[in-house]
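User: I would like to learn how to read the contact between two chains. Please take me through it one feature at a time.

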Amino acid sequence: MTRPASDASAGGSPAAAVGAPRVLVVVAESGILHSVRQWAPELEARIEFAPDLPHAARQLSQGGWDAVVCALGDRPEDDLAWWVDAVRGVPGTPRLIAFVERPSMGLAIRAEQLGVPDLLPLPMRRDDLANALKRARTVESEAPMPLPEVGAVPDGQYALVGRSPEMLEVYKLIARVAPSTATVLIQGESGTGKEVVARAIHEQGPKATGPFVAVNCAAIPENLLESELFGHEKGAFTGAVTRKPGRFELARAGTLFLDEIADMSLALQAKILRAVQEREIERVGGTETLPVEVRLIAATNRDLKEAIAQNRFREDLYYRLAVVPIRLPRLADRGDDLLLLTAYFARQFAERYRKAIRSISDRALELLRSHPWVGNVRELRNVVERAVIVATGATIQAEHLPDELRAAEATLPEAGTRGLLTLAEVEARHIARVLAHTNGQIGAAAEILGIHRNTLTRKMKEYGL
Amino acid sequence: MKSPLPPVRVEQALRLLPELEVLLPLRSLILSVSRPEEQAQWSSHGPYLTVGKRSVEPAELRQRAAEAAEQVKEHVGALYAAYVEALECQQRGEAGAAVNALRQAGAREEQTGRGEQARAWFETAQALAEGLQDRRPEIEVLLALGALDETLGRHAEAARRYQRALALAEAEFHQAGAIAACLGLGDVALGTGQWTGARAWFSRGMRLAEASGDLAASGQLHHRLATLARRTGDLAPAGEHLRQARECLEPLGEASAMARVLNTQGQVDAGLGREAAAVAAYREALAWARRGERDAGLEAIIRLNLAELHLAAGRLLEAEEEARRAEQVAIAHGLTRRLVQSYLLMGRMRGRQRDETGFVFFEQAIQLCQTLERSPALAAQVYQDYGLFRTVLGSRDEARAYLERAREIFESLGDTLEVEKVREELQQVSA
């Protein structure tokens, strides 16, 4: 039999009253409620209660919370997503500690993906809760480190920042190719800065006074891409309400940057090839031939050779575009550029959002360094922007980073002695992280962990994953 | 080793699908099983990702298509069963039960988004109900028809249905029916900008609800009065009605109704410039929505309002994230209308940033209106927003063309309020 919990608070010991973390425990089950009330003095926390999610949402909106403890119900994955959503955006970003009956592997993976490091089994045990609350307090011990000077870089969104050997090679290539009008093909993973490089080539080239026109081939609906590139006459198709010049025309005497070129249909590739070879185009629905007077720079994050092998990309177009190929390195391969880029973006966004950010904590930097950065510089830029927005002081701290990064906190070495994990806990968390990374594929996870899949299966069983 | 074939884009998948009514569930399925490619999140087209650019795996579709076909079979089976039940009831001389069976078949059609089919069932039920001595079944059918017409934007027809339901309910002393009819009539008036009429109908409903001690109905009517007050800019009375709505609904544990009330509370707080309070109200609304029966449409609209709030405050990152969440909910649950609204919001956001590539959201919205939603009112809204987007970017001719298209559609629907708005926008473009 359950009864709704009241909003009454359990103050804890006198020591817990001032400076102790404020924790909202959301439970409807009277047994758990009773236990937490009893444990309150030893948890060194100011504990308050809410009976359910709606009431919790109301209480959380008042701000000032350090942690939220919840019990997931019959649909734990769904519940967890709602709790993460409810806690996100709450002033102070409290840490979510979720309890659940028999955490499954799927749920552990989901928790990792949602950035919830504390997924603990029911029945609730005092030590589990106490340890989780201690972990929530570790941010207190973060040490600020001044952000380094980036040096002179152009203002705006499109600066090239970095001093790693990989980037120095890129700079050399840009310097070599920019003075000509040769077609350039820039390749690299998503977010490595292909458009930034394209702009740099344009700005240092002979057509710098002309326009730089970028077309994102993957963003534009396939049926509209041709008219976007070549323009159209009024009435050429439904929706062609006026005559419209295409990007080739708009880029006249400048540079046309075709981003994500591999996403173009074969039919359109043929038309691009004709434009590159004949140096002339026609608007859709038009008969007039227009000269092509642009420098062409193309970019892709795909393997064009493989696309050619799969008959998805024209080989003749590839060789027309790849007159000068430039390959951009992944952020993970750029060493200390990470810190420089962090400093650069932090200053940029601090100015935009009128903040006085001057440093980053050692812990936040460690989290940035341990992140895989699949989205490369674009992902870092996003993370720093968010951190600057939520930061209240002059230092970017771990708590200002998004959940996905903070989830890795549990596997970082602790700064103090409070909230230290046992070896088994670290191992369990690391296994869950790797499984999250491989989307639950045990074989792939075992390979990354360097253990036999039978050993992994045994450990997963042991840790209740 | 042969590398795996890349997945197929939704836009390509839809091009292969003929526009046949029988294939509509498959069309929706393609959207709901689609997912963004992993690398899309951080690629340069990530911010412009629309449902057309998501990917589907033919193998997954093959598997899920069988499930979808099974659901279609179940749906058709239920309709056949409802019809047979109605026939048996008629044979036994239980015409009221026959009306009920037909009405439920209509409700089932309506739930799956088949408005016209639902109307056919309801009208058959109504024809049968008209001959009955007991008028209650007819009242129920009329209320269902009124709500359906209102949803489809047929305000005049909806009003006629509700008027007839009210007359019958009063004659039969059917209090709940009369309250529902007043609510419906108020909604029609609200939807067509007849504020005085709306207030009169809601107040009349409120008197009936209070007299019968119907707390749930009182809560709903307070909510409607709050919505009306908000629309007319009377934010203080709106807040008071919302407080009373909460007092009525919270003890009843009416989770969905509470979520709606808090959603309106968020809008009122936003109107008053109380940003933090608005965010808190929307967050609590989401929490109530979670507690009630899953209403994905409600969740999506709350998220869109939250995104709108962030956008108005210039918090573009948060606005984008919340709009994307609304998009995700809409795609997963086949809510085309909400999906279109998410794209309109994202398009407006890009317009604010003077980002020309934002046109992709309006183009996607147009395509969805043409292939899935088929609501003229929504299509008009899309053209109107597209026109405003073009205005911001300085493309006057295109802006004018889209606004003219919006005006034509609103005129054909008899929506004078919107026609007037678009006229003003056209004047501004031409100035």
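**Reading the interface**

Analyst: Across the interface of chain B and chain A, 20 residue pairs are in polar contact, both at pLDDT 80 or more. A polar contact is a pair of N or O atoms within 3.5 Å; within protein, one must be able to donate a hydrogen and the other to accept it, and residues adjacent in sequence count only if both atoms are side-chain atoms. This is a predicted model: local features need pLDDT of at least 70, side-chain atom pairs count only at pLDDT 80 or more, and totals for chains, interfaces and linings use all residues. Residues are numbered from 1 along each chain as its sequence is written, chains are lettered from A in the order in which they are written, and side-chain values use heavy atoms, without hydrogens and water.

User: How many salt bridges does the rule find across the interface of chain B and chain A?

Analyst: A salt bridge is a side-chain nitrogen of Lys or Arg within 4 Å of a carboxyl oxygen of Asp or Glu. The rule finds 11 across this interface. One of the salt bridges joins E321(B) to R386(A), with the closest N and O atoms 2.4 Å apart.

User: Which element gives the largest share of the side of chain B that touches chain A?

Analyst: Helices are DSSP runs (H or I, at least four residues), numbered from the N terminus. Here α13(B) gives the largest share, 8 residues.

User: How much area do chain B and chain A bury between them?

Analyst: Buried area is the accessible area (1.4 Å probe) that two parts lose on being put together, summed over both. For chain B and chain A the value is about 4200 Å², with 49% on carbon and sulfur atoms. W42(B), R290(B) and L317(B) supply 21% of the area that chain B buries against chain A.

Methods
Helices (H or I, at least four residues) and strands (E, at least two) are DSSP runs, numbered from the N terminus.
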